[in-house]
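Work through the exercises below with the model open. Try each task before you read its solution.

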Amino acid sequence: QGPAAAAQDAALLGVLGRLQELVTKLRLAALHPDSYVLGVKPVGATGPSFAAWLMSPGVIFDTFATQARTVVLASGTLAPMAALSSELAPSTAYVARAQA
């Protein structure tokens, strides 16, 4: 393999990584349609641009909290707890642990 082949491999891996990211975002948006805002806009010669804005942190919280034994939330802005609870409300992991 020469430098040209290595460059092509790197470019292909980059495209596959972006495709994997797109599929992950679309899957999460399909599972939680009320928590995402999706947008597509044409961008000249480079092709369309896709954006997915997550409006509820509870969706992402589930992706790692369900696999963790303990999750520690530390911040100077966690109070009041009612606001934190409402932001993480879509998280089944948070609800299960908060009720325990």
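**Exercise 1: The largest pocket**

The largest pocket has a volume of about 320 Å³. The model is a predicted one.

Task: Find which residues line the largest pocket, and which elements supply them.

Solution. 
- Step 1. List the lining: Val 15, Arg 18, Leu 19, Glu 21, Leu 22, Lys 25, Pro 48, Ser 49, Phe 50, Ala 51 and Ala 52.
- Step 2. Assign the elements. Helix 1 (3-31) and strand 2 (49-54) each give at least two lining residues.
- Step 3. Helix 1 provides the largest one, with 6 residues.
- Step 4. Sort by class. The lining holds 7 nonpolar, 1 polar and 3 charged residues.

**Exercise 2: Ser 35**

Task: Decide whether Ser 35 is buried or exposed, and name its contacts.

Solution. 
- Step 1. Locate the residue. Ser 35 sits in the loop that joins helix 1 to strand 1 (36-41).
- Step 2. Apply the cut-off. Buried means under 20% relative accessible area. Ser 35 has 9%, so it is buried.
- Step 3. Look for partners beyond four places in sequence. Ser 35 is in contact with Trp 53, Leu 54, Met 55, Ser 56 and Val 59.

**Exercise 3: The whole chain**

Task: Describe the order of elements, the burial and the surface of the protein chain.

Solution. 
- Step 1. Count elements: 4 helices and 2 strands.
- Step 2. Read from the N terminus. The order is α-β-β-α-α-α.
- Step 3. Check burial. Of 100 residues, 17% count as buried.
- Step 4. Residues 24 or more positions apart make up 40% of them.
- Step 5. Finish with the surface. The chain exposes about 7400 Å², and carbon and sulfur atoms supply 63% of that area.

Notes: Residues are numbered from 1 along each chain as its sequence is written. This is a predicted model: local features need pLDDT of at least 70, side-chain atom pairs count only at pLDDT 80 or more; totals for chains, interfaces and linings use all residues. Side-chain values use heavy atoms; hydrogens and water are left out. On a 1 Å grid over the protein atoms alone, a cavity is a set of points where a 1.4 Å probe fits but cannot get out, and a pocket is an open set with protein on both sides within 12 Å along at least five of seven lines; lining residues have an atom within 4 Å of a point. Grid points are joined across faces, edges and corners, and a volume is the space filled by probe spheres set on the points. Ala, Val, Leu, Ile, Met, Phe, Trp, Tyr, Cys and Pro count as nonpolar, Asp, Glu, Lys and Arg as charged, and the others, Gly among them, as polar. Buried means under 20% relative accessible area, exposed over 50%, partly exposed in between (1.4 Å probe, protein chains only). Contact means heavy atoms within 4.5 Å. Accessible areas come from the Shrake-Rupley method with a 1.4 Å probe; for residues, only the protein chains shown count as cover.
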